[in-house]
Amino acid sequence: MAFGPVNVPGADDKELQAAKAAAENAIKALANHEKADNPHGITAAGIGAASGSHSHSFESLSGKVFHAGTTAPDNTGLLWIDTTANTGGLKYHNGSAWVHVPVSST
């Protein structure tokens with residue numbers, strides 16, 4: 001009794017070769033993707049982070065890094081501890097609005 005594509009109904013060598021070629025192409029694409037520097041074009045601004053060329057530093061804030069209160073600080077370079085009940089939290093200015101600092105837990 002023979003085994004393999006001979007006994008598989010509807011299978012022929014062309015279908016098997018096409019499946020093999022598709023698998024090999026997928027492996028090559030994955031290898032190229034892993035070697036790429038930034039394959040999805042993610043930017044610092046796209047994830048809410050300051051770019052490498054942002055114009056302020058902690059030293060330029062004269063030692064003040066945080067502002068706490070229910071109203072946002074005028075200095076958008078500070079981190080804001082919003083003490084408003086239910087909606088408060090740690091916030092930063094993303095260039096156009098005050099937004100919550102993302103929080104992660106594991």
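Two strands count as paired if DSSP finds at least two bridges between them. Helices (H or I, at least four residues) and strands (E, at least two) are themselves DSSP runs, numbered from the N terminus. Keep in mind that this is a predicted model: local features need pLDDT of at least 70, side-chain atom pairs count only at pLDDT 80 or more, and totals for chains, interfaces and linings use all residues. Residues are numbered from 1 along each chain as its sequence is written, and side-chain values use heavy atoms, with hydrogens and water left out.

**The sheet**

- Four strands make an open sheet in the order E1-E2-E3-E4, and the pairing is mixed.
- Strand E1 (66-69) and strand E4 (98-100) sit at the edges with a single partner strand each, so one side of each has no neighbour in the sheet.
- From one strand to the next, the twist averages 35 degrees (axes are lines fitted to C-alpha atoms, for helices over the stretch in contact, and angles run from 0 to 180 degrees between N-to-C directions).
- E1 pairs with strand E2 (residues 79-82) in the parallel sense, over four bridges, and here Ala-68 stands opposite Ile-81 in E2.
- E2 pairs with strand E3 (residues 89-93) in the antiparallel sense, over three bridges, with Trp-80 opposite Lys-91 in E3.
- E3 and E4 also run antiparallel, joined by three bridges, and Tyr-92 faces Val-99 in E4 across this pairing.

**The two hairpins**

- E2 and E3 form a hairpin with six residues between them.
- Asn-86, in the loop between E2 and E3, has a positive phi of about 70 degrees although it is not a glycine.
- Asn-86 is also exposed, with a relative accessible area of 85% (buried means under 20%, exposed over 50%, and partly exposed in between, using a 1.4 Å probe and protein chains only).
- The hairpin of E3 and E4 has four residues between the strands, and Gly-95 there takes a positive phi near 105 degrees.

**An aromatic pair**

- One aromatic pair turns up in a search of the whole structure (rings of Phe, Tyr and Trp, the last by its six-membered ring, pair if their centres lie within 6.5 Å; planes under 30 degrees apart count as stacked, over 60 as edge-to-face and the rest as tilted).
- Trp-80 lies in strand E2 and Trp-98 in strand E4, so the pair ties together parts that are 18 residues apart in sequence.
- Trp-80 counts as buried, at 7% relative accessibility.

**Salt bridges**

- There are two salt bridges (a side-chain nitrogen of Lys or Arg within 4 Å of a carboxyl oxygen of Asp or Glu).
- Lys-91 and Asp-82 meet in a salt bridge at 2.8 Å, N to O; Lys-91 is buried at 10% relative accessibility, and Asp-82 is buried at 7%.
- Glu-24 and Lys-20 meet in a salt bridge at 4.0 Å, N to O.
- Both Glu-24 and Lys-20 lie in helix H1 (residues 13-35), four residues apart, or about one turn of the helix.
- Glu-24 is partly exposed at 39% relative accessibility, and Lys-20 is partly exposed at 48%.
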